[in-house]
Amino acid sequence: MRLRGGAAVAVLIMLSVAGCKDTTGASGSEATTGGDSGGNSGGGSGGGAALTAAESLTVKGRAPKTGYSRERFGTAWADTDSNSCDTRDDILKRDLKQVKFTGGTCKVSYGVLESDPYSGKEVTYRRGASLVDIDHLVALSDAWQKGAKYWDASKRIALANDPLNLLTVGASANRSKGDGDTATWVPPKAYRCTYVAAQVAVKKKYGLWVTAAEKAAMKKVLSTCPGQKLPSGGNPTNAPSRFHAK
């Protein structure tokens, strides 16, 4: 459960006005998970893409968590985009300000999250401290229970390292989320529409289903921001063959 700029409510990626696409050529450093602050993006031809996408998601019951482990999604922070930096550092570089490195331009040693998406507070990142997490917007255990259990390993590894599904956040607020879906946890109102739109985008891209309660919660949030666009981009939905999972 571990997603330029540090101003969280302005965490932006390239937004698709036509809906979520599997943009298999996008690199991790280019993908984003955001929308306009508060989710109230303007109308226009792309207005309502997030709500429309939410309505299209398949509804099923939650499958058992039996068999789930983090290792089923591969080694944490694998360099699936082959840029010689691990995924965690890629996301830190994308989301933090005032970034400093150790030994090159990959390993982030310091940075400032100017406004944590989940608390609104400024958080300082120092390598080795635990004040900052990289959140999986769609938690891996949630994904496991809603389709990922039946995927091959390369697709699970892709989900775990897809920038579309990752956001730098304050550790404290993130750990209160746990592995909850939209029906059980959402961030404060200022970031709520952007957050739910990102979850919808990830579930649509990877073909994950939602529970009835989850879909209702998604639609309830997105109905408050009917112009909310849908994030797009990220990595391919299959990791390179050199990566393996248990």
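Is Gln 98 buried or exposed? Select Gln 98: the residue is exposed, with a relative accessible area of 52%. Here buried means under 20% relative accessible area, exposed over 50%, and partly exposed in between, using a 1.4 Å probe and protein chains only.

Before going on, note that this is a predicted model, in which local features need pLDDT of at least 70, side-chain atom pairs count only at pLDDT 80 or more, and totals for chains, interfaces and linings use all residues. Residues are numbered from 1 along each chain as its sequence is written, and side-chain values use heavy atoms, with hydrogens and water left out.

**Whole chain**

Show the chain as a cartoon. Its secondary structure comes to seven helices and seven strands. Helices (H or I, at least four residues) and strands (E, at least two) are DSSP runs, numbered from the N terminus. Along the sequence they follow the pattern β-α-α-β-β-β-β-α-α-β-α-α-α-β. Of the 246 residues, 54% count as buried.

Most residues other than glycine have a negative phi.

Now select E2, E3 and E4. They form an open sheet in the order E2-E3-E4, with antiparallel pairing; two strands pair if DSSP finds at least two bridges between them. The edge strands, each pairing on one side only, are E2 (97-101) and E4 (123-126). On average, neighbouring strands here are turned by 5° against each other, direction ignored.

Strand E3 covers residues 108-113 and is joined to E4 by four bridges.

Next, show the side chains of E4.

H2 lies across E2, E3 and E4 and runs at about 40° to E3. Axes are lines fitted to C-alpha atoms, for helices over the stretch in contact, and angles run from 0 to 180 degrees between N-to-C directions.

Step back to Ser 82, in the loop between H1 and H2. Ser 82 also has a positive phi, near 55°, and is not a glycine. The residue is partly exposed, with a relative accessible area of 44%.

**Helix H1 and its neighbours**

Select helix H1. The buried residues of H1 are Ala 49, Ala 50, Leu 51, Ala 53 and Ala 54, and they pack against H6, H7 and strand E7 (230-231).

The axes of H1 and H6 come within 9 Å and cross at roughly 45°. That makes H1 oblique to H6; angles under 35 degrees count as roughly parallel, over 145 as roughly antiparallel, 65 to 115 as roughly perpendicular and the rest as oblique. Where they meet, Ala 50, Ala 53, Ala 54 and Ser 56 in H1 are in contact (heavy atoms within 4.5 Å) with Ala 197, Val 200 and Lys 204 in H6.

The axes of H1 and H7 come within 10 Å and cross at roughly 165°. H1 is therefore roughly antiparallel to H7. Ala 50, Leu 51, Ala 54, Glu 55 and Ser 56 in H1 meet Lys 215, Met 218, Lys 219 and Leu 222 in H7.

**The nonpolar cores**

A nonpolar core is a set of buried Ala, Val, Leu, Ile, Met, Phe, Trp, Tyr and Cys residues joined through side-chain atoms within 4.5 Å. The largest has 40 residues, and those with the most contacts inside it are Tyr 118, Leu 159, Val 200 and Leu 222. Elements giving two or more residues to this core include H1 (49-56), H6 (189-206) and H7 (212-222). H6 gives the most, with ten residues. Apart from this core lies another, of eleven residues, among them Ile 91, Leu 96, Val 108 and Leu 113.

Finish at Tyr 118. Leaving out residues up to four places away in sequence, Tyr 118 touches residues including Asp 135, Leu 167, Trp 185, Pro 187 and Tyr 195.
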